[in-house]
Amino acid sequence: MPARTTATTRRRRARRTKASARRRRPQRHARRRGRRAGVALAIAVPVILFAAFLVGAAILAGSFRTSWADDLALVPDDRAPAPPTIVEPAVAGYRFEQLTNACTILAAGRDLGFDARDQTIAVMTAMGESSLRNIDYGDWETSGVTNPDGSRTTSIGLFQQQDSWGTREARLDPYTAATVFYRAMAERVPDRAAVEPTLVAHRTQVNADPDHYARHWDRAVRVVAAVTGNPLDGDRIDGIPHCPGV
């Protein structure tokens, strides 16, 4: 009887061991799956982080390249051709404003009945006095020049006329100043047709140097020809003022 009991007991223990083994097997599988998932996660996280790093680096590099390209575009390229220089139309070195004043001088002479030579002398005189600019100062302000009696000069305008020539407003009005000049020329140099242009201007203006205006004569001839529509060789009339014929 004890021997049977022992055998029975062994059989029961074996059955319990097998049942226990069957119960432990799913748990071992679950633990293996957990370990595998942990390993996979441990591998995946660094991979994902590395991929994110690469994407961020690519975006940053692209931004840097764009910024660098924009900055580079602001740097002048010495190899690029320079833009063309805009040259203002001119005749004998005199530009639009000066040529307009020449036209005013010619118009005043025409209206008073002076011929082309007299008008050209008037333009030459204004060249020698003010470079055909209607300025509100004169030799006293620029060089301290005085009159023969030691008083300061008061010359202004196209012809650098002093107080004795008229009011300040009249001397600074180009047409009026030219009219005053023509009338003085007719009175002081009645034989001017036989007198050199520089001497005509000298006797009219009563300046110190009789040859002061001589160097401006050829340029006055060129300017008068151009603004009246008959330019000399080498001069252009596009873009400059045009005056009525003298």
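**The disulfide and its surroundings**

Author: In this predicted model, a search of the whole structure turns up one disulfide. A disulfide is a covalent bond between the sulfur atoms of two cysteines. Here the partners are cysteine 103 and cysteine 243, with an S to S distance of 1.7 Å. The torsion about their S-S bond is about -90°, so the disulfide is left-handed.

The two partners come from separate stretches of the chain. Cysteine 103 belongs to helix H2, while cysteine 243 sits in the segment after helix H8 (217-227), so the bond ties together parts that are 140 residues apart in sequence. Are the two cysteines buried or exposed? A residue counts as buried when its relative accessible area is under 20%. Cysteine 103 has 12%, so it is buried. Cysteine 243 has 10% and is therefore buried as well.

Helix H2, which holds cysteine 103, covers residues 96-112 and is one of the helices that the buried residues of H6 pack against. The others listed are helix H3 (116-130), helix H5 (168-171) and helix H7 (197-205). H6 itself runs over residues 174-188. With 15 residues, H6 reaches 21 Å from its first C-alpha to its last, close to the 21 Å expected at 1.5 Å a residue. The buried residues of H6 are Pro174, Ala177, Ala178, Thr179, Phe181, Tyr182, Ala184 and Met185.

The loop between helix H1 (2-74) and H2 contains alanine 92. Most residues other than glycine have a negative phi. Alanine 92, however, has a positive phi of about 55° although it is not a glycine. The relative accessible area of alanine 92 is 15%, so this residue is buried. Glutamine 160 also has a positive phi, near 50°, and is not a glycine either. Glutamine 160 lies in the loop between helix H4 (139-143) and H5, and H5 is among the helices that the buried residues of H6 pack against. At 8% relative accessible area, glutamine 160 is buried.

One further feature is the largest pocket, which holds about 510 Å³ of space. It is lined by 23 residues, and the closest to its centre are Asn147, Gln162, Gln205, Val206 and Asn207. The lining divides into seven nonpolar, 12 polar and four charged residues.

Technical notes:
Residues are numbered from 1 along each chain as its sequence is written. This is a predicted model: local features need pLDDT of at least 70, side-chain atom pairs count only at pLDDT 80 or more; totals for chains, interfaces and linings use all residues. Side-chain values use heavy atoms; hydrogens and water are left out. Helices (H or I, at least four residues) and strands (E, at least two) are DSSP runs, numbered from the N terminus. The expected span of a helix is 1.5 Å times one less than its number of residues. Buried means under 20% relative accessible area, exposed over 50%, partly exposed in between (1.4 Å probe, protein chains only). Contact means heavy atoms within 4.5 Å. On a 1 Å grid over the protein atoms alone, a cavity is a set of points where a 1.4 Å probe fits but cannot get out, and a pocket is an open set with protein on both sides within 12 Å along at least five of seven lines; lining residues have an atom within 4 Å of a point. Grid points are joined across faces, edges and corners, and a volume is the space filled by probe spheres set on the points. Ala, Val, Leu, Ile, Met, Phe, Trp, Tyr, Cys and Pro count as nonpolar, Asp, Glu, Lys and Arg as charged, and the others, Gly among them, as polar. A disulfide is a pair of cysteine sulfur atoms within 2.5 Å.
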